[in-house]
Structure formats: C-alpha cells, structure tokens
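Subject: Handover of a structure

Dear colleague,

Please find below the sequence and structure that I am handing over to you. My findings follow, and I would be grateful if you could read them alongside the coordinates.

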Amino acid sequence: MKEIPTIKIIDYGIAYCVTNGNEKYIEVNKNLFQYPKLFKRVMKHEMKHYNYKGKFDFWTDFLESFCFIHQYNLFKFQWKHPEAKESNRVFFKEDNGTYVNYYLLTIRLIMAVISIILLLILVYKILR
Ligand SMILES: [Zn+2]
C-alpha cells in the first residue's frame, strides 16, 4: 500500500517535502490550490521526494529543471504570488528554524566554479 503524506498549508514558497526527525510531510502554498493543473504537477514532483529513500534527492530536482514549460508555469505562479519566490532561496526561514536548500546550494556552487574557470580562461586569453 502506498503511503499518503500529510499535507501542511503554507503561505510562502511553492512546495516542500520536509523531513523532520521521523516525521515526513509535504508543505504546499495555499495559493497553489487555485491552479489545479499546476498543483497536480507540483504534487507529482513532491511525491517523488516523499518516496525517495536516500538523504539527498538531487536528481529529482535536477531533471525537473529541464522541464521548461513547467518551469515557466512555476515562474508565472511566483510572479502572481511573490511570496512563492521564497522557493528560490538557498537559505530560508521556517517556523522552527533556518533551512538550507541543498539542491540550489549545489547547483549554484557548480555554476560559480564554472564561471570562475571561464573567467580565468578569458583573462588568460587576453593577457597572453
Ligand atoms: Zn524538488
């Protein structure tokens, strides 16, 4: 039998799959219920996190970033509901503490390293 997650309504971000000790639940922005199609799509994504057994579910988010139409729909949602932009932050506050979005942190570190390498190549080409 499939486990049905507890859903908590929040008024920031888009949606999160939260693990808090033994407790695991999904948080959903209250405004997302106004968009049934987007809600269904977001829940499909969060359920992947929910059913993930390991510690750091990198690939679910990584592969999702290439679903451009979905990303555009999320962007539109954030445009209409600015409080949802909280989901783009590496460090964010919740009721019981500050959290780190490890996926965003990893991606941004990789991008920073690539940028520095490209910049060094450029500087090298100019000075040579
Ligand atoms: Zn995700």
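Predicted model: local features only at pLDDT ≥ 70, side-chain atom pairs only at ≥ 80, totals over all residues.

I10 is a residue of strand β1. I10 counts as buried because 20 other C-beta atoms lie within 10 Å, and the criterion for burial is 20 or more. N101 is 91 residues away from I10 in sequence, and the C-alpha atoms of the two are 17 Å apart in space.

The three-stranded sheet

Strand β1 belongs to an open sheet of three strands, whose order is β1-β3-β2 and whose pairing is mixed. At the edges stand β1 (6-10) and β2 (15-20), each of which pairs on one side only. Averaged over the sheet, and with direction ignored, neighbouring strands are turned by 30° against each other.

The pairing of β2 with β3 (residues 23-29) is antiparallel and consists of six bridges. Within this pair, V18 stands opposite Y25 of β3. Helix α1, which covers residues 36-51, packs on the sheet and touches β2 and β3. The direction of α1 makes about 20° with that of β2.

The hairpin

A second pairing involves β4 (residues 91-94) and β5 (residues 97-100), which run antiparallel and are joined by four bridges. Two residues lie between β4 and β5 in the hairpin that they form. One of the bridges links E94 to its partner G97 in β5.

The chain as a whole

In total, the protein chain contains four helices and five strands. Read from the N terminus, its elements follow the order β-β-β-α-α-α-β-β-α.

The overall dimensions deserve attention. The radius of gyration of the protein chain is 17 Å, whereas a compact globule of 128 residues would have one near 14 Å. The C-alpha trace spans about 65 × 35 × 30 Å along its principal axes. Of the 128 residues, 9% count as buried. Among contacts in the protein chain with a separation of 6 or more, 35% are between residues 24 or more positions apart.

The nonpolar core

Which residues make up the largest nonpolar core? There are eight in all: I14, A15, Y16, L32, V42, L74, F77 and A84. Two or more residues of this core come from each of β2 and α3 (68-80).

The C-alpha atoms of I121 and L32 are separated by 44 Å, and the two residues are 89 apart along the chain. L32 is itself one of the residues of the largest nonpolar core.

Yours sincerely

Terms used
Residues numbered from 1 in each chain as written. Pairing = 2+ DSSP bridges. Axes fitted to C-alpha atoms, helices over the stretch in contact; angles between N-to-C directions. Contact = placed C-beta atoms within 7 Å. Rg over C-alpha atoms; globule rule 2.2 N^0.38 Å. Buried ≥ 20, exposed ≤ 12 C-beta atoms within 10 Å, placed from the backbone. Core = buried A, V, L, I, M, F, W, Y, C linked by C-beta atoms within 7 Å.
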